[in-house]
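Good morning, and thank you for coming. I would ask you to look at the structure on the screen while I speak.

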Amino acid sequence: MSASDPPPRRLAVLISGSGTNLQALIDAQNTPALPNTSIVLVLSNRKAAHGLVRATSASPPIPTAYLALQPYLRHNPGKTREDYDLELARIVVRAKPDVVVLAGWMHIVSESFLEVLRGHHKIDEDDENPVSTGPIPVINIHPALPGQFDGANAIQRGYEAFQRGEVDRLGVMVHRVVAEVDRGEPLIVREVPIEKGESIEVYEERLHRVEWEIIVQATKRVLDEVKPMPPPEGDGIDSDNRVEKP
């Protein structure tokens, strides 16, 4: 990066499992799909999550962190679920991301976590270097259409409902994260074809391929909102035609 280049746009990605959606973001960073973007943190709440391996195997390696709820509570008597979520928020904001992406993150983030990311709740106020932050958008990928199968096991629940004839379409979305599970504003919604009698494995593979596309598209959309790319040199308004404000 030359001195004239803008600083990279920074992503923090939260995962719990194999990390295929994370891999889509890794592959897209610094390409036309996700220009001038670097993943600066991958945080997992499961120690054995393969996504951590994907992060450390990337080129260059991506910093990782691990924090699980039950070990945290055992090692910190008197602490609560809210304290855990504040510790998660502390780890995230210290990475100074522009956007946080929940990519297969199997832990419901609390209002306390979101308040920190919105900049409404400062943490580490007693430290010499307190962490403070402006609003940092948080987005999540969910394998269901808006309002259809909120919460866990959405793929299996949707598949079974379709096979029983209870729904006639399924899909996947990326949405803004709010305290109500999977109820934030949808950013991208995509239907996924499904056939009667096909196996859940076939449907799931088709759905995941759509996920890998839209998680990148939605991330770029939100990054462009909060930290837009400067126009290429020469794309400005011609000075002879500029309209001055009164």
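Predicted model: local features only at pLDDT ≥ 70, side-chain atom pairs only at ≥ 80, totals over all residues.

**Pockets, cavity, cores and salt bridges**

The second largest pocket is lined by Leu114, Leu117, Arg118, Pro135, Ile136, Pro137, Val138, Arg176 and Val177. A pocket here is an open set of points on a 1 Å grid over the protein atoms alone, with protein on both sides within 12 Å along at least five of seven lines; a lining residue has an atom within 4 Å of a point. By class, this lining has 7 nonpolar, no polar and 2 charged residues. The classes are as follows: Ala, Val, Leu, Ile, Met, Phe, Trp, Tyr, Cys and Pro are nonpolar, Asp, Glu, Lys and Arg are charged, and the others, Gly among them, are polar. The volume of the second largest pocket is about 160 Å³, where volume means the space filled by probe spheres set on grid points, and the points are joined across faces, edges and corners.

Residues are numbered from 1 along each chain as its sequence is written, and side-chain values use heavy atoms, with hydrogens and water left out.

Let me turn to the chain as a whole. The protein chain has 7 helices and 7 strands; these are DSSP runs, H or I of at least four residues for helices and E of at least two for strands, numbered from the N terminus. Along the sequence their pattern is β-α-β-α-β-α-α-β-α-β-α-β-β-α. Of the 246 residues in the protein chain, 45% are buried. Buried means under 20% relative accessible area, exposed over 50%, and partly exposed in between, with a 1.4 Å probe and protein chains only. Contact means heavy atoms within 4.5 Å, and among contacts in the protein chain between residues at least 6 apart in sequence, 65% join residues at least 24 apart.

What does the largest pocket look like in numbers, and which residues lie nearest its centre? The largest pocket holds about 820 Å³ of space. Its lining has 36 residues, and Gly104, Trp105, Met106, Ile141 and Pro143 lie nearest the centre. That lining divides into 16 nonpolar, 15 polar and 5 charged residues. Helix 7 provides the largest share, 4 residues. Helix 1 (20–28), strand 5 (138–142), helix 6 and helix 7 each supply at least two.

A cavity is a set of points where a 1.4 Å probe fits but cannot get out. The search of the whole structure finds 1 cavity of 30 Å³ or more, and the volume of the largest cavity is about 30 Å³. Its lining includes Pro143, Phe149, Ile155, Leu170, Tyr203 and Leu207. Two or more lining residues come from each of helix 6 (154–163), strand 6 (170–176) and helix 7 (200–226). Helix 6 gives the most, with 3 residues. The lining of this cavity has 8 nonpolar, 3 polar and no charged residues.

I come now to the nonpolar cores. In soluble globular proteins, nonpolar side chains tend to be buried together. A nonpolar core is a set of buried Ala, Val, Leu, Ile, Met, Phe, Trp, Tyr and Cys residues joined through side-chain atoms within 4.5 Å. The largest core has 45 residues, of which Val13, Leu25, Ile39, Val42, Val101, Tyr203 and Ile215 touch the most other members. Helix 7 supplies the largest share of this core, 9 residues. A second, separate core has 28 residues, including Leu43, Tyr84, Leu86 and Val138.

Finally, the charged pairs. The structure holds 15 salt bridges, each a side-chain nitrogen of Lys or Arg within 4 Å of a carboxyl oxygen of Asp or Glu. Glu198 and Arg206 form one of them, at 2.8 Å from N to O; Glu198 is buried at 12% relative accessible area, whereas Arg206 is partly exposed at 26%.

Where do Lys220 and Asp224 lie? Both are in helix 7, 4 residues apart, about one turn of the helix. Arg9 is linked with Lys220 and Asp224 in a network of salt bridges.
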